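User: Please take a close look at the pockets of this model and tell me what lines them.

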Amino acid sequence: MFTKLATLRTIDESGAVLIVRLPDADSAERVAHAAIEGGFRALEITLSIPGAVDLIRRLAARYAPDGVAVGAGTVLDGYAAYECIRAGAAFLVSPQLNPEMIRVANRYQVPTISGAFTPTEILETAEAGADIVKMFPTENAGIPYVKAVLAPLAHVPVMPAGGVTAENAKEWFAAGVAGVGVGSAVTKAWQPDGDFSRVTAAATDFLTAVRDARR
């Protein structure tokens, strides 16, 4: 079975990756469960979370049979890449270009979403073998920057991470992005009162906006 293609298809069909970056594994796990209930099929568990590798292992064991891609984020080198792959990570994400991370992932046929910002970095990341280029950071650069960069680089699958909301998702896709990464707009929806059902609702709203934006 072409598992790498299956994972990329999951990300492509979803159009969105949830970036779970929280201070502890318990809240991260509860957010992941709630977001999956709300419809997310691709989640990035960042290695900045204490116990992240074990969390990836638990989530992958539970949800991979249902077609949910549980990936690892903030993968900065080849060692971390291998540990995450051993834990069952379906894809790897980095904020920067690290060729060794991509080499390890390609060795084991695991998709990569590798970080870049400038046109030069985007091309270098694509040439290094990344499957998707994560444009990071994008909160301040915004949609006009992405649109300008993608005008000559429309062939590169770019996914912005930062600044994407249900309200502006349509503008991001109109600018030419292949998919979007979203974090706190969904993952921190529970924090006003500890109600994790808010995460489920926020996930559903965001994914509805993505689907509408891609029509």
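**Pocket linings**

α1 (3–14) and β3 (69–73) each supply at least two residues of the lining of the largest pocket; helices (H or I, at least four residues) and strands (E, at least two) are DSSP runs, numbered from the N terminus. This is a predicted model, in which local features need pLDDT of at least 70 and side-chain atom pairs count only at pLDDT 80 or more, while totals for chains, interfaces and linings use all residues. Residues are numbered from 1 along each chain as its sequence is written, and side-chain values use heavy atoms, with hydrogens and water left out.

The largest pocket has a volume of about 320 Å³. Its lining has 19 residues, and the closest to the centre are Thr-3, Ala-6, Thr-7, Ala-64 and Ala-90. A pocket here is an open set of points on a 1 Å grid over the protein atoms alone, where a 1.4 Å probe fits, with protein on both sides within 12 Å along at least five of seven lines; lining residues have an atom within 4 Å of a point. Grid points are joined across faces, edges and corners, and the volume is the space filled by probe spheres set on the points.

With five residues, α1 gives the most to this lining. By class, the lining of the largest pocket has twelve nonpolar, six polar and one charged residues (nonpolar: Ala, Val, Leu, Ile, Met, Phe, Trp, Tyr, Cys and Pro; charged: Asp, Glu, Lys and Arg; polar: the others, Gly among them).

The second largest pocket has a volume of about 280 Å³. Of its 16 lining residues, Ile-19, Arg-21, Glu-139, Gly-183 and Ser-184 are the closest to its centre. α9 (184–187) and β8 (180–182) each supply at least two residues of that lining, and α9 gives the most, with three.
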